[in-house]
Each structure stands twice: as C-alpha cells, then as structure tokens.
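Please read this briefing with the sequence and the 3D view side by side. It covers salt bridges, surface charge, the nonpolar core and the overall layout.

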Amino acid sequence: MLDMKKRKTQLKKRLAELDVRLKDIEDQLDDAPNPDWGENAAEHEGDEVLESLGSSGLAEYRGIKAALQRIKDGTYGVCVKCGEDISPERLDLLPHTPFCKDCAKAN
C-alpha cells in the first residue's frame, strides 16, 4: 500500500529543489556574454550544457506536476497506458513515472 502523504511530500520537496535549480540555470543563461572571444566560446559551450540540464530538469518538473495531479485525482500509482498498478519499487526509483515497467519499455 502506497503512503500517499509521504509520496506527495517527497514529490513536493523535489519540485522545490528543481525550481531553485531551474531558476539558477536561467539566471546563468541570462548573463551578458563575455567580450573576450576565447572566454565567450568557452561560455557558449557551458551554456549548451546548462540548456541541456535545464531541459531535463523541466521535463522532470512537468512529470512531478503531473504526478501530483494524479495523486489529487486518485490515479497515482496506476499506469496511464495499461491501467495496471505500478510497482512500489518502481515508484521508489521514479516517483513521478506515469508508466509501469512493461509500458515504459514499450515507449
């Protein structure tokens, strides 16, 4: 049996962490470019890494928001594709996953 209160707290904590991280990434990307060509090139490479981290963080952020909505709707822990229960072990590893192990493999 899933402890929804504990899971909701876990998801909200991770959401807050991501919010801080995403704002930090956005602030770094908004910094004015360095006028030195060599430094500018190195910063551009760093910006690409930051953008990638931001994209993956944003995807996780959206997944957590969706998981919180499923908790609210009473459908958390049920695969959105096949309707089977998602194993507690899988939810421990990926608390925001909308898919059971089999459906995740199929995607």
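K23 forms a salt bridge with D19, and their closest N and O atoms are 3.3 Å apart. A salt bridge here is a side-chain nitrogen of Lys or Arg within 4 Å of a carboxyl oxygen of Asp or Glu. The model is predicted: local features need pLDDT of at least 70, side-chain atom pairs count only at pLDDT 80 or more, and totals for chains, interfaces and linings use all residues. Residues are numbered from 1 along each chain as its sequence is written, and side-chain values use heavy atoms, with hydrogens and water left out.

**Layout of the chain**

- The chain has four helices and zero strands; helices (H or I, at least four residues) and strands (E, at least two) are DSSP runs, numbered from the N terminus.
- Read from the N terminus, the order of elements is α-α-α-α.
- Of the 107 residues in the chain, 25% are buried. Buried means under 20% relative accessible area, exposed means over 50%, and partly exposed lies in between (1.4 Å probe, protein chains only).

**Salt bridges**

- The salt-bridge rule gives a count of four.
- K23 and D19 are four residues apart in helix α1, which means that about one helical turn separates them.
- K23 is partly exposed, with a relative accessible area of 48%, and D19 is partly exposed at 28%.
- R14 forms a salt bridge with E17, where the closest N and O atoms are 3.3 Å apart. R14 and E17 are three residues apart in helix α1, so they are separated by about one helical turn.
- R14 counts as partly exposed at 27% relative accessibility, and E17 counts as partly exposed at 37%.
- A network of salt bridges links R14, E17 and E60.
- D92 forms a salt bridge with R7, with the closest N and O atoms 2.9 Å apart. Because D92 lies in helix α3 (residues 88-93) and R7 in helix α1, the pair ties together parts that are 85 residues apart in sequence.
- R7 is buried, with a relative accessible area of 8%.

**Positive patch on the surface**

- Which residues gather in a patch of positive charge on the surface? They are K8, K12, K65 and K72.
- Patches are made of residues with over 30% relative accessible area and no salt bridge; like charges are joined within 9 Å, and nonpolar side chains (Val, Leu, Ile, Met, Phe, Trp, Tyr) within 5 Å.
- Lys and Arg count as positive and Asp and Glu as negative, while His and the chain ends are not counted.
- Helices α1 (4-30) and α2 (37-73) each supply at least two residues of the positive patch.
- K72 is found in helix α2 and counts as exposed, at 69% relative accessibility.

- In soluble globular proteins, nonpolar side chains tend to be buried together.
- The largest nonpolar core has 13 residues, of which L11, I64, L68 and Y76 touch the most other members. The elements that give two or more residues to this core are α1 and α2, and α2 gives the most, with four residues.
- A nonpolar core is a set of buried Ala, Val, Leu, Ile, Met, Phe, Trp, Tyr and Cys residues joined through side-chain atoms within 4.5 Å.

**A66 and Y76**

- A66 is found in helix α2 and is partly exposed, with a relative accessible area of 32%.
- A66 and Y76 are 10 residues apart along the chain, and their C-alpha atoms are separated by 9.5 Å.

Definitions and conventions:
Accessible areas come from the Shrake-Rupley method with a 1.4 Å probe; for residues, only the protein chains shown count as cover. The place of a charge is taken as NZ of Lys, CZ of Arg, CG of Asp or CD of Glu.
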